[in-house]
Amino acid sequence: MSHQHDAGHHHHGHDHLHAHDDRGAGLAGRVRHVLRPHSHQAGDQVDAAMEASSEGMRVLWISLGLLGATALIQAVVTVMSGSVALLGDTLHNAADALTAVPLGVAFIVGRRPPTRRYTYGYGRAEDLAGVVIVLFMAGSSALAGYVAVTRLMHPRHVSDLLAVGAAALVGLAGNELAAAYRIRTGRRIGSAALVADGMHARTDGLTSLAVLLGAGGAALGLAWADAAVGLAITVAIVAVLRQAVREIWRRLMDAVDPALVDQVEHALLDTPGVLATGPVRLRWTGHSLRAECEIVVAPDITAAAAHQITVDAEHALLHAIPRLSGALVHADPEARDFDPHAILAGHGVRTTSP
């Protein structure tokens with residue numbers, strides 16, 4: 001006897017929030033963040049509190065617009081001055097502003113209901129938007145690196161150093177304003193993702209400070225200073241690019257954190273009536289998780305009792321797993337002397353429970 005229950009069409013009103021640890025928010029923490037940058041995946045930037053709050057989404061879009069305006073101002077000064085360091089910082093801020101693209105896809109296209117052709121819905125469109133962001137970041141890092149190396153080989157005077165310094169301060173101020181706005185609102189509405197994104201924006205101010213150092217070096221007659229800072233910022237962009245590529249690859253390959261699988265198994269085993277667990281499969285669809293699980297129940301219970309156990313198991317998963325939007329729980333009878341899946345053996349289907 002087996003029973004399946006799908007939660008995909010049920011709304012569950014429980015929010016899953018994560019506490020954010022503010023330790024390491026000082027200078028040392030910011031440097032570590034630059035060396036181990038954040039993810040540009042929307043799934044990592046959205047949590048239940050922000051998704052449910054119009055205020056949370058509004059502050060995100062406003063702060064991203066602020067970063068876009070900051071990048072535009074810096075771009076104008078870059079053209080005027082020819083500063084390689086400022087070019088790198090401009091591209092870095094532009095890449096951060098472009099995180100609005102997958103977020104926009106996630107909340108517009110991703111909310112369309114499933115169809116008979118797209119039975120899982122449109123959440124994957126977010127990952128395709130992420131690919132576009134990765135391609136932009138790759139192009140921007142290649143451009144910044146090429147210009148920086150060329151300038152190191154053939155130093156050139158950087159003009160309008162005061163304007164470059166002012167643009168660097170604009171970058172610092174833009175990131176700090178976005179950071180303060182996100183952190184303050186995130187704490188008020190209980191959004192750990194918004195607070196974390198604010199911490200990231202605050203850290204990005206370090207690249208703008210680096211531009212200021214490059215301008216200072218150029219003012220002292222160090223012709224290589226601007227290009228050297230530009231090359232350092234390029235390395236930071238490449239580090240972010242590497243992280244983004246890894247996240248995109250994992251999402252497209254349906255990879256999940258193995259700790260989530262452990263959480264699912266523990267939640268299932270803690271459900272009354274579940275004797276053991278079978279295979280557990282998890283996949284991201286946009287910024288939501290779906291689960292397919294097998295459980296083992298007593299062989300002598302009724303179909304109604306087996307169904308109730310699967311419902312209880314599903315409910316336990318919705319409480320235990322953050323961002324879980326639906327679960328398919330399949331119940332198998334405990335079998336010592338026979339294989340309940342033997343009929344499927346000739347079809348390439350697993351026929352024994354672990």
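Contact here means heavy atoms within 4.5 Å, and helices (H or I, at least four residues) are DSSP runs numbered from the N terminus. All views show a predicted model, in which local features need pLDDT of at least 70, side-chain atom pairs count only at pLDDT 80 or more, and totals for chains, interfaces and linings use all residues. Residues are numbered from 1 along each chain as its sequence is written, and side-chain values use heavy atoms, with hydrogens and water left out.

**View 1. Helix 5 meets helix 7.** Val84, Leu87, Gly88, Leu91, Ala94 and Ala95 of helix 5 touch Phe136, Met137, Ser140, Ala144, Val147, Ala148 and Arg151 of helix 7. Of these contact residues, 10 are nonpolar (Ala, Val, Leu, Ile, Met, Phe, Trp, Tyr, Cys or Pro), two polar (the others, Gly among them) and one charged (Asp, Glu, Lys or Arg).

**View 2. The aromatic pair.** Here is the structure's one aromatic pair (ring centres within 6.5 Å, using the six-membered ring for Trp). Tyr118 is partly exposed at 43% relative accessible area, while Tyr122 is buried at 15% (buried is under 20%, exposed over 50%, partly exposed in between; 1.4 Å probe, protein chains only).

**View 3. Arginines over rings.** A charge sits over a ring if NZ of Lys or CZ of Arg is within 6 Å of the ring centre and within 35 degrees of the ring normal. The charged end of Arg112 sits over the ring of Tyr122, 4.4 Å from its centre. For Arg251, the ring is that of Trp284, with its centre at 4.4 Å.

Methods:
Rings of Phe, Tyr and Trp (its six-membered ring) pair if their centres lie within 6.5 Å; planes under 30 degrees apart count as stacked, over 60 as edge-to-face and the rest as tilted. Helices (H or I, at least four residues) and strands (E, at least two) are DSSP runs, numbered from the N terminus.
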